[in-house]
Amino acid sequence: MAAYVELALLVGALLLLFWLLSSKPKKFPPGPFKWPIVGNIRLLSTGGQAHTMMCSVQKEYGDIAGLFTFNRPIVVLSGLEAIREACFRDDLSARPPNQVHKMLYDGKILGIASTHGETWKVQRRFTLQHLRDLGFGKRTLESIAHEEIQAVFEDIEDISGGQKNGFPNPVNFHDILGGTSINVLWHIIAGKRYEHRDPQFKRLILAVQQLLQQGSPAGTFAGLFPRLSKVFPKMTGLNKLASTRAPIHTFLADEIMAHKKNIDYDHPRDFMDIYLREIEKQRNDPDTTFTELQLRQVCSEMFVAGTDTTLNTLSFGMLYMVLHPEVQKKVQEELDEVVGRDRMPSLEDRPRLPYIDATINEIMRCSTIAPLAVPHAPLTHEPWINFRGYHIPKGARILLNLYGLHHDPKVWKSPEVFNPERFLQKNGEQVPREALMPFGAGKRVCLGESLARNNVFLFFTAILQRYTLRVPDGHPTPTMEPDGKTVLFPKPFTVKVNLRT
Ligand code: HEM
């Protein structure tokens, strides 16, 4: 009898423990069952792409849903209203604590994308102001971009076998465009451009691509278990994260050193010089956030955010043009009519190119290369904040389901169809532009938006002004399905180019 009682008590205690470990905070958003200890890690690590998983979560649990990676809460926000409200609310504009930064940078969290509060405000304002002054979104940028486009044309000639031979070899645009957008940005930041085939430059671009693919919207294992990572850096992936960052950091540290050697504070040449001058100016301020380490991190973020994002958008653009020759033709007809063939398209032409504007919007909607944005977090000293009747716990990762929003049939008619016309005003119909937010919105809106928009416009139009693109004979039709995790890119495809007649 006593044995039965003991067994019943044991079972009762185990059930209680199971219940305690699987219980969720009060008013936590609806979501799947939280398994003790592991939470929903199985769901999050099924090998599928995070954005498709989050779209399924939205379908099942609604626009505000909650999950757990181990014991860490994740809140997935979907739909226009929830996403917009989150973007514009101050108390949802923080970032989750970046434990990997802390481990790699002596306990500090640096840069812009991972910081919040005063450091973020000061660094973001300073960076944005000076990048704008130096030519972000201006004509200065245009002439740098035109130089890069010439280099792209040379690469196309070279790789495709050239005009004389009828461009016999298929071209991989993703490879050719790899270094272009970063070269434009780097001109402003460090006053330099790199040869596209420079092996060091190629290695850096590869490191950026690896770094982006090592991240996960749910957080990295090393970041989730910082104490364990300190003891077992190899097993938890910390060493791998550090070694991928290493070439980028060495490159930037060398570049900063070279700038310091021949800087003239009265005549700064580029962003690095301006930043170094600010460090000098604030040298005696004990609270300054302007340090060389901070400069390296800000530049590293520009390098990482500026390399693959614009490249992938352009790459998707080329893919959609190959898959939709009728759209390609209309783009070229509009270019012929407004710009002609004697000069490259310029930023000033843009207002007179509505079909191209609509096509670029549609490329950004369909591809949504940053499908879950960059995770937000509550900015609060309280244990939770209220969001539309739910409690979002402090420390939660908030994922903005931009991919779901851009493919939501409630917002877009036939969202799976590539159709630029949806962005053209017809018969007084409302154009759903507000729901198009590839760069996010509000306080954390992408810092490189104007640069990226201008680069995409200049490269896309210049390539299509000169070449027609189609699937090479005998090759299968490429898929529109994206690859990638935190940042999406097209599955490998090649293109047969021809000079336009
Ligand atoms: C087509 C190209 C690009 C797309 C689609 C894109 C998209 C985004 C998105 C969705 C976010 C997160 C917004 C949020 O947290 O709510 C973001 C943040 C950011 N982006 Fe971009 N981006 C692009 C290009 C660039 C470029 C070229 C740069 C470099 C100058 C850049 C620098 C940044 C930075 C620094 C942040 C963090 C801002 C902050 O936390 O305050 N991005 N971007």
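**Figure 1. Confidence of the predicted model.** The protein chain has a mean pLDDT of 90, and 97% of its residues reach 70 or more; pLDDT is the predictor's confidence in each residue, from 0 to 100. Because this is a predicted model, local features need pLDDT of at least 70 and side-chain atom pairs count only at pLDDT 80 or more, while totals for chains, interfaces and linings use all residues. Residues are numbered from 1 along each chain as its sequence is written, and side-chain values use heavy atoms, with hydrogens and water left out. Helices (H or I, at least four residues) and strands (E, at least two) are DSSP runs, numbered from the N terminus.

**Figure 2. The shell around the ligand.** The ligand is surrounded by 26 residues, and the closest are R95, R124, H376, R444 and C446; a residue counts if one of its heavy atoms lies within 4 Å. By class, 16 are nonpolar, seven polar and three charged. Here Ala, Val, Leu, Ile, Met, Phe, Trp, Tyr, Cys and Pro count as nonpolar, Asp, Glu, Lys and Arg as charged, and the others, Gly among them, as polar.

Figure 3. A polar side-chain atom of R124 lies 2.7 Å from an oxygen atom of the ligand, and for W120 the distance is 2.8 Å; a polar contact is a pair of N or O atoms within 3.5 Å. Two or more residues of the shell come from each of helix 6 (117-133) and helix 15 (292-323), and helix 15 gives the most, with six residues. The iron atom has a single donor from the protein, C446 (SG), 2.3 Å away. Donors are N, O and S atoms within 2.8 Å of the metal (3.2 Å for Na, K and Ca); water is not among the atoms, so sites may look incomplete. C446 is in the loop between helix 18 (402-406) and helix 19 (449-466).

**Figure 4. Strand 5 and its partner.** Strand 2 (residues 72-77) and strand 5 run parallel, joined by four bridges; strands pair if DSSP finds at least two bridges between them. V75 has I398 as its bridge partner in strand 5. From strand 5 (residues 397-400), R397 and L399 point one way and I398 and L400 the other, and all are buried (under 20% relative accessible area; exposed is over 50%, partly exposed in between; 1.4 Å probe, protein chains only).

Definitions and conventions. Polar contact = N/O pair within 3.5 Å; in protein donor to acceptor, adjacent residues only side chain to side chain.
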